[in-house]
Amino acid sequence: MITIKELPDENLFTAGHTACPGCGVAMSIRNAIRVLGKDTAVYVPASCGVVFGTTFPYGAWKVPFFHTAFENTGACLTGMQAAFEKKGKKVTVVGFAGDGGTYDIGLQSMSGAAERNDDVLYICLDNEAYMNTGIQRSGGTPFGAWTTTTPVGKHIQGNRRFKKNLGDIVVAHEIPYYATLSIGQPLDFIRKVEKAKNIRGFRFLHMFTPCIPGWKMDPARTVEVTKRAVESGMWTLYEVENGEKRITYKPGKMKSVKDYLMMQGRFRHMSDEDINALQMWVCKKWNLHYKEKGSPDICEIAPPEEHHAVTEEHREMHGP
Amino acid sequence: MAAQTLAEAAVNEGNYAVAFPFFGAERRGAPVLAFTRIDSKKIFSKTQVYNPDCVVVLDDSLLDTIDVVSGLKPEGIAVINSKERPEDIDLGKIINTATVNAISIALEILKAPITNTAILGAFAKATGVVKIESLEESIKRKFGEKLGEKTGERNALAARTAYEKTIIGKSRGIKKLEARKQWLPTYQEMPVGGSLIEGKTDAGLIGPGSFIENKVSGWATYRPLRDREKCVMCLLCWFYCPEGTIHRISNRGDLMTNYDYCKGCGVCANECPVDAIKMVRARV
C-alpha cells in the first residue's frame, strides 16, 4: 500500500488551473491522478472539471485528455478502452463525471458500461448539485439543501427529496469494485484508488467533494467538512468487492447532523423539524451500514455541541 | 449587486437607471463586469456600456493585465480599489482618478474581503452622481433585506468610510500596456477535431500542461506562511493543496511553496496538525 510519503511529487494535473480556492474536486482529481500515474487516459464530461482543467487551447492535464458531451461518460470510456486494447497499450482509462453526470444525465451510459463490465474506472465527483451551471438540484442533493431550483421560501424551504442511493444502484450491476471515498481520510483514499487501479473490469469510485460557492462555506474548511460528514453519518466509507461489502472506516460515536449542517450556508435556513427529518434519514442509513446483526438500532442524538466554526458574524456575511 | 444598489439609489433620487451584469463563468476569481446607466430621462439603450463616464475597478491586480480605461471618455474618471494614491497609479494615460483602500475598509468593518459596497462610497465621492445618503439608504435596504439588518448597516458604514477616505487626483500615463497575445490559428493550422499536443506558440504554451503559465496569485487575499521549526513533515498540506503550489524537495526533506499559484484558500493552515502554518495578508 502506498502512503502519503510514497506518492510521486510530479504534478500530472498542473498548477495554474482556474478552480475556486479550496475546491474539493481539484483536490480529489489531483490525488487520484497522483496514484493512477502517467499511464492513464482521462475522460471528463461537461462539468467544472472540464472548465477549470481545460480551456481551449490551454490544459492542466499532462495525460491524454478527452471531452465530448454530458451524458456519455460510460460509452466514451468503453470506446477509449477498446481503442487502447486494439493498439495493444496497457492504459488505465478513467472518467471523472460529476454527480449530475452520474446520478441523472449519465446514468444510462454508466449503467451500460457497468453491465458490459468493461475494463474502465469510473469516478463520480459528488458535490451534491449541478455546480458548474450555477447550483441546480441534482439527484445527489440532500434533503433541505438550498439550490437555485429548490429555493427557500415561505412554504417550502430547500430540497424536499432525499439523496438518491447511487451506491446500491451501481452495486446492483454486480461489478467487481465499488467504493466511497472522502478526501478527509487520506490513507483510505489512496488505498481505494490504488486498489481500483489494479482490479480488472468495471470499477466505480464515489468521491465526496465539497463545493465552496455551492455549499456557501469558508474555503479553508473543505477537508474539515468532509470529516464531519463522515462522523455524522451523512457520508459513509465502505467498499463492495465482488458483492461483499466491507466498512472501511467506522466513526466512533454518532455526531449530531446539525453540526455538519451549520457549517454550510445551504443548510442554515433549516427548521428543527426539517433537521429532525434529515437526522432520521441519517439514522436509518447509519444502522444499515454500521449496525451489527442483532444489536439494537442506534439513534441517540446527543444535544448539539456548541459550535465555534460558524460565528454570528460569518452567518451575517454569507447570508442564510 | 453593487451595480443594482447604485441604480436603486439613483432611482430614489428621481432619476432613471438600469443595471445588469455581463454573463460569464459562474466561478470565483474569474474577471467579471457589470454595468449601470443613470439618466434624468428615460433610458432606451439596452446594450453593454462601451464608452463609460466612470470605470470602477474592484481589484487593482487587473490593472497589470487589462487596459481598464480604454473606453473611458477623456473627461471621465476611474475609481480604483488600491492602497496607492492616484498619482502613483499608472493607467497608460493621464486621467482623472480616485483611489480608496476598499479591501482594508472591508476587512476592518465587514471582516471579509468583499469590497463592492465600500467602493460605491468612493464612486459617490468621485462623481457626485448620487448622494452618499441615498446610497447608504439603498445599501441598508438591499443588503438588509437579503442578509439581515445588521449586515445592511455595516455595509452602509463601509460605504460611508470609503466616501470619507477617497483621494481624487490624476493618474500617471507612462506604461504602454500591450494587449495580451492570443493563439489564433488559421483554419489550416487548426488541429482536426480540436485535438492538441503540447506546443509552444508566440502567445505561450498550448496543449497539455499549459495552464502552468497561468499565474493565479492575484486571486489571493491571504497566503500561507510555514514555520519550519514547528513543521513535522507529515505532508498533509502537500496532499490537500488543491493547486499543487507546495513542492517537496526530496534531497533536503523540506517543503517549498510557490506563491505564483496560491489562491489563498487556507486549507493547509486549517488542516495542519501542529499549527505550523498561519495565513497572512497577501498584498498590503
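Predicted model: local features only at pLDDT ≥ 70, side-chain atom pairs only at ≥ 80, totals over all residues.
Q: Why are strand 3 and strand 4 of chain B said to pair, and in which sense?
A: Pairing requires at least two bridges between the strands. Within chain B, B:Cys54 stands opposite B:Ile77 in strand 4.

Q: What makes strand 3 and strand 6 of chain B edge strands?
A: The sheet is open, with its 4 strands in the order 3-4-5-6 and mixed pairing. Strand 3 (54–57) and strand 6 (167–170) each pair on one side only. Neighbouring strands of this sheet are turned by 20° against each other on average, direction ignored.

Q: Which strands does helix 3 of chain B touch where it packs on the sheet?
A: Helix 3 (residues 116–127) touches strand 3, strand 4, strand 5 (96–100) and strand 6 of chain B. The direction of helix 3 makes about 150° with that of strand 4.

Q: How do you know that strand 7 and strand 9 of chain A pair?
A: The cut-off is at least two bridges. Strand 7 (residues 177–182) and strand 9 (residues 237–241) of chain A run antiparallel and are joined by 3 bridges; therefore they count as paired. A:Tyr178 stands opposite A:Val240 in strand 9.

Q: What is found in the hairpin of strand 9 and strand 10 of chain A?
A: Strand 9 and strand 10 (residues 244–249) pair in the antiparallel sense over 5 bridges, and A:Arg246 in strand 10 is the bridge partner of A:Glu239. The hairpin has 2 residues between the strands, and A:Asn242 takes a positive phi near 45°.

Definitions and conventions:
Residues numbered from 1 in each chain as written. Chains lettered and ligands numbered in written order. Axes fitted to C-alpha atoms, helices over the stretch in contact; angles between N-to-C directions. Contact = placed C-beta atoms within 7 Å.
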